[in-house]
Amino acid sequence: MSQFKIISRPLGTLECYVLQRDDGAEFEVLSGYGCGLNAWRVNGSDLLMGYRQGDDIAKIAPDTNAGCRLTPFPGRTAYAKFTWGGNTYQLENNVSWAPHALHGFLQNKEWKFQSFESDSDSCTAIFTCDWPGAYTGFPFPYRATNMITFNGESVMIQSKVENLGTKDMPYSEGWHPYFMLGEKIDGLTMRIPETKLALLDQADLPTGSFKDDTRFVAGNKIGDMFINDCFCLNDEFSKVRVTDTQDLTSNAHVILESASKTLDIWQRAGVEQYNAIQMYTPPDRMSIAIEPMTSEPDALNHHRGLIVIPAGQSRTFQFGFTVSEK
């Protein structure tokens, strides 16, 4: 007999679905706004920063995009334009603080609930959103699907993109979750794989140069460090060709630890997978954005890690997170 259910719990006027275990553990999916991973509650602890009141969306969502899937590009696209196949495409400059396009097109759209199923161990909900391709800035129609599996202490997100058009589609993507452990992040220890730090120019765009970054490889307290960096995985992860979705050896892990909890945030790395980790520490220091991405930002222009999806084909990506008590 299943111990899981799904309920509707709107946030203001926006649809929000809650995957719930009988003991009260729950996971919120803000389907009315970017299919945001909006809250994760286990044993009384809230482990994701998200929107708690309807007016939070208008006040802070454009700057945070908390929990949303970022597609068909994560981060900045330089000066809101890119060239592909001999054509230059003009995007919308959708932020006030820079002349760039940010985080794609579906991060503030309504996603459709498709299905829910559960058994004694976990439950899975599926959501979809279509990009019609009618916009001249990105005339490539596609369907995005999010399959979210929840068992209480762990969550897995499988993202799929299908090219619905008649020509090759340039593509990159990521997610934007903010994790928290009930205290200021200054006292948390973080451990990450060996990576190269993407260097930025004065417009905060990747230059194509990288440097070794070992600050957190052995585990280190975050302290008062301000982080707004893209960590690119080394070849031992990024060059692996993944053929078996059950093969965990290509997963890259970020570990966050408090005195009482360990949070393991993993992403499937490899060829055409999540090979970068964008991180950001907000001013209130109560959460940290740890974002799986297929490449560093501006992939539509520099093409490093850019995925080309032929007409009629699809790609699938995975990441997830698990909490445990010490």
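Strands here are DSSP runs of E with at least two residues, numbered from the N terminus, and that numbering puts Gln 273 in the loop between strand 25 (261-268) and strand 26 (276-280). This is a predicted model, so take what follows as a tour of a prediction. The protein has three helices and 29 strands. Its radius of gyration is 19 Å, close to the 20 Å that the globule rule gives for 326 residues, so the protein is as compact as a globular protein of that length.

**The whole protein**

- Picture a box of roughly 55 × 40 × 40 Å along the principal axes: that is what the C-alpha atoms fill.
- Of the 326 residues, 55% are buried.
- Take the contacts between residues at least 6 apart in sequence: 63% of them join residues at least 24 apart.

**Aromatic pairs**

- A search of the whole structure turns up 26 aromatic pairs.
- One of them is Phe 27 with Phe 150, a tilted pair with 6.1 Å from centre to centre and 35 degrees between the planes.
- Phe 27 sits in strand 3 (residues 26-30) and Phe 150 in strand 14 (residues 142-150), so this pair ties together parts that are 123 residues apart in sequence.
- Both Phe 27 and Phe 150 are buried.
- Phe 105 and Trp 131 make a stacked pair, with 4.3 Å from centre to centre and 15 degrees between the planes.
- Phe 105 belongs to the loop between strand 11 (101-102) and strand 12 (112-118), while Trp 131 is in strand 13 (residues 123-131), so the pair ties together parts that are 26 residues apart in sequence.
- Phe 105 has a relative accessible area of 10%, so it counts as buried.
- Trp 131 is buried too, with a relative accessible area of 10%.

**Two glutamines to look up**

- Back to Gln 273 in its loop between strand 25 and strand 26: with a relative accessible area of 11%, this residue is buried.
- Setting aside neighbours within four places in sequence, Gln 273 is in contact with Val 242, Arg 268, Met 293, Thr 294, Thr 316, Phe 317 and Gln 318.
- Glu 291 is 18 residues away from Gln 273 along the chain, and their C-alpha atoms are separated by 13 Å.
- Gln 278 is in strand 26, and at a relative accessible area of 12% it is buried.
- The contacts of Gln 278, again leaving out neighbours within four places in sequence, include Asn 228, Asp 229, Cys 230, Ala 289 and Ile 290. Also in contact with Gln 278 are Glu 291, Met 293 and Pro 297.

**Backbone details**

- Thr 71 and Pro 72 are joined by a cis peptide bond, with omega at about 10 degrees.
- Pro 72 is in the loop between strand 7 (69-70) and strand 8 (76-77).
- Arg 285 is not a glycine, yet its phi is positive, near 60 degrees.
- You'll find Arg 285 in the loop between strand 26 and strand 27 (288-293), and at 12% relative accessibility it counts as buried.
- His 303 is another residue that has a positive phi without being a glycine, here about 70 degrees.
- Look for His 303 in the loop between helix 3 (299-302) and strand 28 (307-309). With a relative accessible area of 37%, His 303 is partly exposed.

- Glu 183 is in the loop between strand 18 (178-179) and strand 19 (189-191).
- The relative accessibility of Glu 183 is 32%, so it counts as partly exposed.
- Not counting residues up to four places away in sequence, Glu 183 touches Leu 188, Ser 258, Arg 285 and Met 286.
- The C-alpha atoms of Glu 183 and Cys 35 are separated by 26 Å, and the two residues are 148 apart along the chain.

Definitions and conventions. Residues are numbered from 1 along each chain as its sequence is written. This is a predicted model: local features need pLDDT of at least 70, side-chain atom pairs count only at pLDDT 80 or more; totals for chains, interfaces and linings use all residues. Side-chain values use heavy atoms; hydrogens and water are left out. Helices (H or I, at least four residues) and strands (E, at least two) are DSSP runs, numbered from the N terminus. The radius of gyration is taken over C-alpha atoms; the globule rule is 2.2 Å times the number of residues to the power 0.38. Buried means under 20% relative accessible area, exposed over 50%, partly exposed in between (1.4 Å probe, protein chains only). Contact means heavy atoms within 4.5 Å. Rings of Phe, Tyr and Trp (its six-membered ring) pair if their centres lie within 6.5 Å; planes under 30 degrees apart count as stacked, over 60 as edge-to-face and the rest as tilted.
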